[in-house]
Amino acid sequence: RKGVVVITGASSGLGLAAAKALAETEKWHVVMACRDFLKAEKAAQSAGMAKENYSIMHLDLASLDSVRQFVHGFRQSGRPLDVLVCNAAIYRPTARTPTYTADGYEMSVGVNHLGHFLLANMLLEDLKKSDYPSRRLIILGSITGNTNTLAGNVPPKAGLGDLRGLAGGLDGRNSSAMIDGGTFDGAKAYKDSKICNMLTMQELHRRFHEDTGITFASLYPGCIATTGLFREHIPLFRLLFPPFQKFITKGFVSEDESGKRLAQVVGDPSLLKSGVYWSWNNNSASFENQLSEEASDAVKAQKLWEISEKLVGLA
Ligand code: NDP
């Protein structure tokens with residue numbers, strides 16, 4: 001049978017490119033988990049995806065209720081779950097004030113981390129039940145959360161501190177809207193959320209890999225400077241960022257190429273190892289990359305896990 005892969009945020013950018021790459025192999029049925037149904041349908045059609053290779057299901061990660069409804073709806077569909085890709089994200093670099101999810105959490109961490117944290121925990125049960133030979137749970141990471149890289153050192157740097165803001169509810173009232181308890185910074189909130197994504201992947205690996213055989217992985221697909229992720233950035237940035245990445249840092253990858261990279265992490269037999277943060281060199285060869293000290297801190301990962309469980313209602 002075909003493998004079934006759920007990809008969150010498959011209506012644009014990397015998620016769409018990966019959905020297309022996987023659908024084209026005819027070996028996968030892609031469930032596009034998106035907040036805007038019509039946009040996703042149009043995107044799939046203009047990417048030339050054949051009807052039988054995908055379906056679209058509603059998921060708004062800014063609402064934990066929507067996450068629970070998605071899981072319920074997915075189970076009702078009767079499809080098995082073989083691979084889950086937590087890809088959706090928002091980035092609000094120019095925001096001066098925080099916005100909040102339906103549950104009252106700062107939006108970047110709420111969508112990128114907490115929504116996915118609940119989704120991954122719930123769907124773990126479904127992955128366990130699948131009879132597919134290689135089951136995987138993938139969470140998108142990023143270089144920007146990794147302070148052991150040049151890009152990761154562009155201010156404001158990521159940093160979760162002692163997690164006091166998150167523990168306090170990340171609500172901007174009783175506690176700070178930032179994980180470390182500091183003043184709100186939209187760019188930092190995104191980077192922090194990406195550290196959470198990478199820590200969560202490793203904690204999943206530690207907790208569940210041995211017993212379940214599921215592969216847990218994260219990746220940095222390269223700088224895809226043309227995606228919608230930068231839609232809220234100032235116009236001059238949006239104009240100069242793609243050529244800067246192409247000619248100066250040479251970290252630029254096309255959406256097509258990034259989609260192929262993510263598709264490898266989904267299905268390629270050579271990328272089966274669990275607990276790995278994948279990256280690609282300039283010749284597009286994959287390698288196991290090193291995470292920064294904070295993004296691989298096992299004590300912090302456990303603390304993050306326990307606080308996140310409470311915030312999403314799992315504990
Ligand atoms: P895009 O903005 O193009 O895609 C993000 C997707 O997330 C969109 O489909 C968007 O939906 C969806 N999304 C946003 N908010 C929600 C929500 N509340 N509920 C459900 N879906 C939502 O960005 P990219 O493709 O660039 O980013 C994809 C992933 O890749 C992210 O995790 C990002 O951190 C990571 N990444 C990107 C890099 C880059 O250079 N671009 C580099 C490293 C990592 P909609 O279409 O409705 O807006």
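## Ground rules

Residues are numbered from 1 along each chain as its sequence is written, and side-chain values use heavy atoms, with hydrogens and water left out. Because the model is predicted, local features need pLDDT of at least 70 and side-chain atom pairs count only at pLDDT 80 or more, while totals for chains, interfaces and linings use all residues.

## Around the ligand

The ligand is surrounded by 31 residues (each has a heavy atom within 4 Å of it). The closest are Ser 11, Lys 39, Asn 87, Tyr 190 and Thr 227. By class, the shell has 16 nonpolar, ten polar and five charged residues. Here Ala, Val, Leu, Ile, Met, Phe, Trp, Tyr, Cys and Pro count as nonpolar, Asp, Glu, Lys and Arg as charged, and the others, Gly among them, as polar.

Asp 60 places a polar side-chain atom 2.8 Å from a ligand nitrogen atom. Asn 87 uses a backbone N or O atom, 2.7 Å from a ligand oxygen atom. For Arg 231, a polar side-chain atom lies 3.2 Å from an oxygen atom of the ligand. The protein covers 97% of the 900 Å² of accessible area that the ligand has on its own (Shrake-Rupley method, 1.4 Å probe).

Asn 148 has 43% relative accessibility, so it counts as partly exposed (between 20% and 50%, 1.4 Å probe, protein chains only).

Beyond its neighbours within four places in sequence, Asn 148 is in contact with Gln 290, Leu 291 and Ser 292 (heavy atoms within 4.5 Å).

How values were computed. Polar contact = N/O pair within 3.5 Å; in protein donor to acceptor, adjacent residues only side chain to side chain.
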